[in-house]
Amino acid sequence: MEGKTYIPQGYHSVLNLKETQYAIETVKHTFQTKLANALHLVRVSAPLFVDPDTGLNDDLNGVERPVSFDIPVVGVRAQVVHSLAKWKRMALWRYGFQPGEGLYTDMNAIRRDEETDNLHSIYVDQWDWEKVITAEDRTPDYLKMTVNRIAGAVYDTLCVLQQSFPQLHTSLCRTVSFITAQELEDLYPQLTPKERENTYVKAHPTTFLMQIGGQLRSGQKHDGRAPDYDDWQLNGDLLFWDEVLGKAMEISSMGIRVDAMAMDRQLRESGCDGRRALLFHRMLLSGELPLTIGGGIGQSRLCMLLLGKAHIGEVQSSLWDAGTLETCRAAGVEIL
């Protein structure tokens, strides 16, 4: 299957390869510092692979196949992580974090079944973060407050970047517009979910789209979500309007995590009751794990957005199909 890459007419990178590497370093160093300060997070180390029997790997939309390999000395077949959504919550419990305290880490993953295009690669790099909260914090207002802090960190990072690279002319809106997936469907019932996002975010350049995962009144879902980490009533995607590609770019998927009641409901709705026997799920359903909020923030996507790049391969090293490479070569786009 070939990727779906396109290069906008007249596009050229403002930065050369060397400048791009310096700019990537600036973005990553600046943003993770601002994120940690905004959300009171401490950096921790995290696994590249996990034992699937723990239930800690992220199932994403439930159909993606994890990369797995045997480890003879351990006697298990490990899985490369899809994300660290569940591992982080277990780590907060093990490390004894208290409400208001959290962690962040570099997450590197392989998503072998990803359909590659300008924004999607089989290699995933993101900041995964998680924070302990109280039962009283499990509200839309607390979620919105957290989103505003993350969006502020993105905006402030752009300001720092443009001090070092004044030739960059990326423009972002610091004010976040909040809308639910149902409200978006009601606004544009004739459009597909992706078309709805693009139409709304073009008019509201920084948007947090809330309540993703459950069925809408149309009987369809806006997008799939695993049933065992986000509470589908208290989650969402942080989207920015990308002037280069002329479309909405998702920078972060995040949310207040399921408590025992929400997990019970979502496992039943998704037909995933078999997961209840896994260690993570048993601990959560019995109330042993802390209540948390968390998410992932795409490192390469953030670099793409702030550096004004047209393809994710301009800011990360991965493997691409022949069609993608030829499209980029013909347009003069240099893939790392």
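**Figure 1. The loop that holds E64.** E64 is placed in the loop that runs between β2 (49–50) and β3 (68–71); helices (H or I, at least four residues) and strands (E, at least two) are DSSP runs, numbered from the N terminus. The model is predicted, and for this reason local features need pLDDT of at least 70 and side-chain atom pairs count only at pLDDT 80 or more, while totals for chains, interfaces and linings use all residues. Residues are numbered from 1 along each chain as its sequence is written, and side-chain values use heavy atoms, with hydrogens and water left out. E64 has a relative accessible area of 22% and is therefore partly exposed; buried means under 20% relative accessible area, exposed over 50%, and partly exposed in between (1.4 Å probe, protein chains only). The C-alpha atom of E64 is separated by 32 Å from that of A135, and the two residues are 71 residues apart along the chain.

**Figure 2. The chain as a whole.** The secondary structure consists of nine helices and 11 strands. With a radius of gyration of 20 Å, close to the 20 Å that the globule rule gives for 336 residues, the chain is as compact as a globular protein of that length. The radius of gyration is taken over C-alpha atoms, and the globule rule is 2.2 Å times the number of residues to the power 0.38. The C-alpha trace spans about 55 × 50 × 40 Å along its principal axes. Of the 336 residues in the chain, 51% are buried. The accessible surface comes to about 15,000 Å², and carbon and sulfur atoms account for 51% of this surface; accessible areas come from the Shrake-Rupley method with a 1.4 Å probe, and for residues only the protein chains shown count as cover. Among contacts between residues at least 6 apart in sequence, 74% join residues at least 24 apart, where contact means heavy atoms within 4.5 Å.

**Figure 3. Helix α1 against helix α3.** Helix α1 and helix α3 (residues 140–164) pack at an angle of about 145 degrees, and their axes are 9 Å apart. Axes are lines fitted to C-alpha atoms, for helices over the stretch in contact, and angles run from 0 to 180 degrees between N-to-C directions. The crossing of α1 and α3 is right-handed; a crossing is left-handed if the near helix is turned anticlockwise from the far one by less than a right angle, and right-handed if clockwise. Residues of α1 in this contact include A23, T26, V27, T30 and F31, and those of α3 include T146, R149, I150, A153 and V154. By class, the contact of α1 with α3 contains 11 nonpolar, four polar and three charged residues. Ala, Val, Leu, Ile, Met, Phe, Trp, Tyr, Cys and Pro count as nonpolar, Asp, Glu, Lys and Arg as charged, and the others, Gly among them, as polar.

**Figure 4. Helix α1 against helix α8.** The axes of α1 (residues 17–39) and α8 (residues 299–307) come within 10 Å and cross at roughly 115 degrees. This crossing of α1 and α8 is also described as right-handed. On the α1 side T20, A23, I24, V27, K28 and F31 take part, and they meet Q299, L302, C303, L306 and L307 of α8. The contact of α1 with α8 comprises eight nonpolar, two polar and one charged residues. In α8, nine of its nine residues are buried. Just after α8, G308 has a positive phi of about 65 degrees.

**Figure 5. The enclosed helix α2.** Helix α2 (residues 85–95) is largely enclosed by the rest of the structure, because eight of its 11 residues are buried. The buried residues are A85, K86, W87, K88, R89, M90, A91 and L92. Their cover includes β5 (102–110), β6 (123–132), β10 (247–257), α7 (279–285) and β11 (292–298). Just after α2, G96 takes a positive phi of about 75 degrees.

Figure 6. Most residues other than glycine have a negative phi. Q211, which is not a glycine, has a positive phi of about 60 degrees, and this residue is found in the loop between β8 (206–210) and β9 (230–242). Q211 is partly exposed, with a relative accessible area of 28%. N235 lies in strand β9 and is buried, with a relative accessible area of 1%. Among the residues that N235 touches are Q211, L143, F208 and M254. H40, in the loop between α1 and β1 (41–43), has a positive phi near 60 degrees, although H40 is a residue other than glycine.

How values were computed
Lists of a residue's contacts leave out its neighbours within four places in sequence.
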